[in-house]
Amino acid sequence: MPFALSPERDRELAEILSRYPNRQAACIPMLHLCQEQNGWVSDEVVEFVARTLELPSAHVLGVVTFYTLFNQQPVGRHQVWVCRTLSCALRGSDELLRHCEKKLGVHAGETTKGGEVTLRTAECLASCGTAPMMQIDKNYHENLSIAEVDRLLDRLLAGG
Ligand code: FES
């Protein structure tokens, strides 16, 4: 089935398009808008964006595959990103990641059985001074301990 934006998001798109000098420049914000609605960037979303912005589908797909923040497959209702770059690694991110994997019963890149959480790793999220850190959906959680990670994951798994 072809993808279409909701009326509310369609209005947001019009506002986004008005901010850019040409349609191609709106590709990334439009993809974010579509992903917010759909949860991931399906082939139908790629076609929709390409058609709307008058771009080749290959161009849109190139953007989607370059940026890791675009989901190329369905994901859980929440996404947990554990930063693994140097500052976080030096302050125990590997241990945090192993703990997340054990607690959630999945490996990085996988989604829990009930579809609640997708666990992922990230390159530096620009919060090195408060390492180790992770991002849950749009929120940063910093200076993490195993106990704090437990509390955060318990809340997610409980539907919070
Ligand atoms: S290394 Fe983790 S936020 Fe920069």
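A nonpolar core is a set of buried Ala, Val, Leu, Ile, Met, Phe, Trp, Tyr and Cys residues joined through C-beta atoms within 7 Å. With that in hand, here are some close-up views of this predicted model.

**View A. The largest nonpolar core has 18 residues.** Look for V80, V82, C83, L96, C100 and M134, which touch the most other members. Strands β1 (78–83) and β2 (117–122) each supply at least two residues of this core, and so do helices α6 (93–104) and α7 (146–157). Another core, of 13 residues, lies apart from it; C34, V41, V49 and L53 are among its members.

**View C. Helices α2 (residues 27–38) and α4 (residues 57–66) pack against each other.** Their axes are 11 Å apart and meet at an angle of about 70 degrees. Angles of 65 to 115 degrees count as roughly perpendicular, so α2 is roughly perpendicular to α4. On the α2 side, the contact is made by C27, I28 and L31, and on the α4 side by V60, V63 and V64. The residues of this contact comprise 6 nonpolar, no polar and no charged.

**View D. Helix α1 lies largely in the open.** The number of buried residues among its 12 is 0, which is why it is described this way. The length of α1 (residues 7–18) can be checked too: at 1.5 Å a residue it should span 16 Å, and its end C-alpha atoms are 17 Å apart, which agrees.

Conventions. Residues are numbered from 1 along each chain as its sequence is written. This is a predicted model: local features need pLDDT of at least 70, side-chain atom pairs count only at pLDDT 80 or more; totals for chains, interfaces and linings use all residues. A residue is buried if 20 or more other C-beta atoms lie within 10 Å of its own, exposed if 12 or fewer, and partly exposed in between; C-beta atoms are placed from the backbone. Helices (H or I, at least four residues) and strands (E, at least two) are DSSP runs, numbered from the N terminus. The expected span of a helix is 1.5 Å times one less than its number of residues. Axes are lines fitted to C-alpha atoms, for helices over the stretch in contact, and angles run from 0 to 180 degrees between N-to-C directions. Angles under 35 degrees count as roughly parallel, over 145 as roughly antiparallel, 65 to 115 as roughly perpendicular and the rest as oblique. Two residues are in contact if their C-beta atoms, placed from the backbone, lie within 7 Å. Ala, Val, Leu, Ile, Met, Phe, Trp, Tyr, Cys and Pro count as nonpolar, Asp, Glu, Lys and Arg as charged, and the others, Gly among them, as polar.
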